[in-house]
Amino acid sequence: SVSPLITTTYVVAMSGRGCIKRDTVTVNIGGLTVLAAPTNVTCNGYNNGKVKITSNGLSPLSYTWSLNANTGNVDSAINLSPAVYNVTVSDPNGCSGTASAQITEPTAVAFTSNVTNNTCFGGSIGAITLNPSGGTGGAYTFQWSNSLPSNQTVSSLSAGNYSVTVSDSSLCSATATINVSEPAQIVFGAATIQGVRCFGGS
């Protein structure tokens with residue numbers, strides 16, 4: 001018999017009638033070691049998180065997940081929303097261990113806009129400047145409607161609605177429609193002309 005202080009794998013050899021048979025036996029000490037490696041969701045509101053489990057237990061291992069991780073008896077949970085997930089791993093010898101992993105999400109991409117409206121009817125001196133925030137960081141990109149350039153500020157705009165999508169480095173995005181206005185057109189009323197009755201009169 002053996003009594004190791006740590007989990008140890010032994011090679012056991014048995015002989016008889018001139019034959020030798022070898023096998024391996026692992027003695028687990030102190031329960032299973034279970035490690036959980038999370039992969040966070042890529043964008044706010046997504047459910048593409050993952051958790052991968054590794055353990056030193058003997059196969060076949062069984063896995064019990066919390067929060068309806070929809071994984072079954074597998075060592076990887078996929079399509080996860082942000083939350084804390086617990087897993088219990090058990091082996092055929094009755095040894096078990098647990099681990100936890102937290103799936104997080106970035107803040108949502110958002111933006112405000114500074115709008116310069118046209119001062120005259122029919123003018124085209126409007127402009128829009130975007131102020132993005134949130135997401136996973138990195139450089140933001142800007143995709144405008146109306147064939148406008150992909151800039152943070154667009155100018156020389158006539159009155160109308162302009163749609164824009166702002167994306168971060170992970171392609172998380174937010175979309176909005178921004179209005180550039182103009183004053184009403186000046187309308188002249190019909191002129192009234194009164195004739196002069198006498199030469200030199202007014």
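Does Asp75 count as buried, partly exposed or exposed, and at what relative accessibility? At 28% relative accessibility, Asp75 counts as partly exposed, where buried means under 20% relative accessible area, exposed over 50% and partly exposed in between, with a 1.4 Å probe and protein chains only.

This is a predicted model, in which local features need pLDDT of at least 70 and side-chain atom pairs count only at pLDDT 80 or more, while totals for chains, interfaces and linings use all residues. Residues are numbered from 1 along each chain as its sequence is written, and side-chain values use heavy atoms, leaving out hydrogens and water.

With a salt bridge defined as a side-chain nitrogen of Lys or Arg within 4 Å of a carboxyl oxygen of Asp or Glu, the count comes to one. Asp75 forms a salt bridge with Lys52, their closest N and O atoms being 2.9 Å apart. The pair links distant parts of the chain, 23 residues apart; strands are DSSP runs of at least two residues, numbered from the N terminus.

| Residue | Location | Relative accessibility |
|---|---|---|
| Asp75 | loop between strand E5 (62–65) and strand E6 (76–80) | 28% |
| Lys52 | strand E4 (residues 49–55) | 38% |

Asp91, in the loop between strand E7 (83–90) and strand E8 (96–103), is buried yet has no salt bridge, and the nearest side chain of opposite charge (Lys and Arg count as positive, Asp and Glu as negative, with His and the chain ends not counted) is that of Lys52, 17 Å away. A polar atom of the Asp91 side chain lies 3.0 Å from the backbone nitrogen of Asn93.

Key: Helices (H or I, at least four residues) and strands (E, at least two) are DSSP runs, numbered from the N terminus. A polar contact is a pair of N or O atoms within 3.5 Å; within protein, one must be able to donate a hydrogen and the other to accept it, and residues adjacent in sequence count only if both atoms are side-chain atoms.
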